[in-house]
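Please read the numbered points with the sequence and the model at hand.

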Amino acid sequence: MSSPNPPAPPPVPFTAEVYRARMAKAADSAAEAGLAGVIVAPGPDLVHLTGYRPVSTERLTLLVLRAGAEPVLVVPTLEAPDAAAAAGAPALALRDWTDGVDPYAVASPLLAAQGRFAVSDNAWAMHLLGLQRALPDTTYTALTEALPMLRAVKDAAELDRLTAAGAAADATYEEILKVRFSGRRETDVAADLAALLKHFGHSQVDFTVVGSGPNGANPHHEAGERTIERGDMVVLDFGGLKHGYGSDTSRTVHVGEPTAEEQRVHDIVREAQQAGCAAVRPGVACQEIDRAARAVITEFGYGDRFIHRTGHGIGVTTHEPPYMIEGEEQPLVPGMCFSVEPGVYLPGRFGVRIEDIVTVTEDGGRRLNATARELAIVE
């Protein structure tokens with residue numbers, strides 16, 4: 001493992017005022033959508049809005065946001081000190097409840113008795129049902145359906161974090177090209193990827209896909225016990241969180257010299273990926289990115305072998321809205337960040353995928369990954 005340049009200093013932490021503004025925006029957006037408010041359970045939405053990252057359990061933790069009202073975070077008493085220490089805590093009121101008390105009786109007065117609320121997608125069913133029992137006339141809708149843009153547009157500080165995460169993933173790829181593939185298991189290379197992501201500053205590794213030979217034809221193949229052989233195409237897809245923001249990149253390498261067909265398929269995917277990235281600009285519908293990449297692959301006769309969407313958003317999670325897929329008419333907005341990752345998958349033989357994270361700028365798009373996209377030869 002080579003020694004990188006001295007690590008960059010950690011980013012300036014988000015302040016309580018940043019979280020105050022995020023919560024106010026969420027509450028106002030809900031009101032504009034005709035909703036009574038937003039309720040947020042532990043998970044990425046709560047992290048984004050408050051900086052608080054509790055473990056989701058059977059004990060109710062719930063952030064309630066309503067336009068014109070102070071944000072309130074309902075927490076178990078035993079977790080109240082941790083909640084009070086969160087960066088966004090000064091921007092909200094804490095309301096704790098002790099074991100033996102009905103937490104829904106504590107939370108329900110914060111809601112409108114007949115209101116319709118957006119609820120974070122990962123809220124536990126038991127908690128939502130508990131609120132419905134306490135307030136039978138309330139109704140609920142999924143947060144990402146009601147407010148799909150809530151986390152989609154990143155500010156400058158968030159873009160800095162995503163850029164740093166992308167650079168760390170790039171450094172990981174440059175290093176993995178130096179390791180031996182042939183004669184080693186997919187899990188061995190996956191472990192190398194995970195170690196390198198941590199070495200370059202990731203606090204969390206979300207995935208290390210290593211799909212060799214026929215396994216590469218499965219887009220979400222988990223690294224297995226297959227021994228990588230000379231002559232294999234190998235799909236690498238890896239990422240996680242650095243400074244709380246995601247990385248996600250894919251490159252396809254070959255063990256030894258490729259056949260003419262393997263090189264051709266890789267060239268087609270590379271051209272498709274370039275077309276998808278080139279289509280990025282403000283005002284363009286998300287589906288147009290998918291169409292641009294898919295048109296290239298279809299033109300060369302592999303349209304039925306491109307079996308997934310072209311991209312997904314990224315931020316405090318590695319997969320989130322918006323999605324680059326047919327039917328998604330949401331216009332691109334400066335500050336959006338998402339993957340562009342077309343692929344071709346030939347069952348029983350091999351697969352190819354190339355992926356970069358792209359952010360929308362004022363007049364186009366900018367890749368957050370800069371490693372070579374040509375087919376790399378490894379040993």
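1. Terms and basis. Buried means under 20% relative accessible area, exposed means over 50%, and partly exposed lies in between, with a 1.4 Å probe and protein chains only. Helices (H or I, at least four residues) and strands (E, at least two) are DSSP runs, numbered from the N terminus. The model is predicted: local features need pLDDT of at least 70 and side-chain atom pairs count only at pLDDT 80 or more, while totals for chains, interfaces and linings use all residues. Residues are numbered from 1 along each chain as its sequence is written, and side-chain values use heavy atoms, with hydrogens and water left out.

2. Overall form. The chain contains 10 helices and 18 strands. Its C-alpha atoms occupy a box of roughly 70 × 40 × 35 Å along the principal axes. For 379 residues, a compact globule would have a radius of gyration near 21 Å, and the 23 Å of the chain agrees with this. That radius is taken over C-alpha atoms, and the globule rule is 2.2 Å times the number of residues to the power 0.38.

3. Surface and contacts. Of the 379 residues, 53% are buried. The accessible surface is about 15600 Å², and carbon and sulfur atoms hold 53% of that area; the areas come from the Shrake-Rupley method with a 1.4 Å probe, and for residues only the protein chains shown count as cover. A contact means heavy atoms within 4.5 Å. Among contacts with a separation of 6 or more, 67% join residues 24 or more positions apart.

4. Helix H1. This helix covers residues 16–32, 17 residues in total, and spans 24 Å from its first C-alpha to its last, close to the 24 Å expected at 1.5 Å a residue. The expected span is 1.5 Å times one less than the number of residues. Which residues of H1 are buried? They are Ala16, Tyr19, Arg22, Met23, Ala26, Ala27 and Ala30. Viewed down the helix axis, these residues fall within an arc of 130°, so they line one face of H1; the arc is that of the directions from the helix axis to the C-beta atoms. The buried residues of H1 pack against strand E1 (37–40), helix H2 (44–50), strand E2 (62–65), helix H7 (156–176) and strand E9 (245–246). Just after the helix, Gly34 adopts a positive phi of about 80°.

5. Helix H9. With 19 residues, H9 reaches 27 Å from its first C-alpha to its last, close to the 27 Å expected at 1.5 Å a residue. Its buried residues are Glu262, Val265, His266, Ile268, Val269, Ala272, Gln273, Gly276 and Cys277. Arg270, also in helix H9, is partly exposed at 29% relative accessible area. Leaving aside residues up to four places away in sequence, Arg270 touches Ile354, Arg373 and Glu374.

6. Val280 sits between helix H9 (260–278) and helix H10 (286–299), and is buried at 3% relative accessibility. Beyond residues up to four places away in sequence, Val280 touches Ile289, Leu332, Phe338, Val358, Val360, Gly364 and Gly365. Although Val280 and Val358 are 78 residues apart along the chain, their C-alpha atoms are separated by 8.3 Å.

7. Cysteines. How many disulfides are there? The count is zero, where a disulfide is a pair of cysteine sulfur atoms within 2.5 Å. For Cys277, the nearest cysteine sulfur belongs to Cys337 and is 13 Å away. The closest cysteine sulfur to that of Cys337 is in Cys286, at 12 Å, too far for a bond. Cys277 is buried at 10% relative accessibility, and Cys337 is buried at 1%.

8. Backbone points to check. The peptide bond from Pro321 to Pro322 is cis, with omega near 5°, and Pro322 is found in strand E12 (residues 320–324). His243 is not a glycine, yet has a positive phi of about 55°. His243 lies in the loop between strand E8 (233–242) and E9, and is partly exposed at 32% relative accessibility.

9. A further loop. Asp137 lies between helix H5 (125–134) and strand E6 (139–142), and is partly exposed at 49% relative accessible area. Not counting residues up to four places away in sequence, Asp137 touches Ala113, Gln114 and Gly115.
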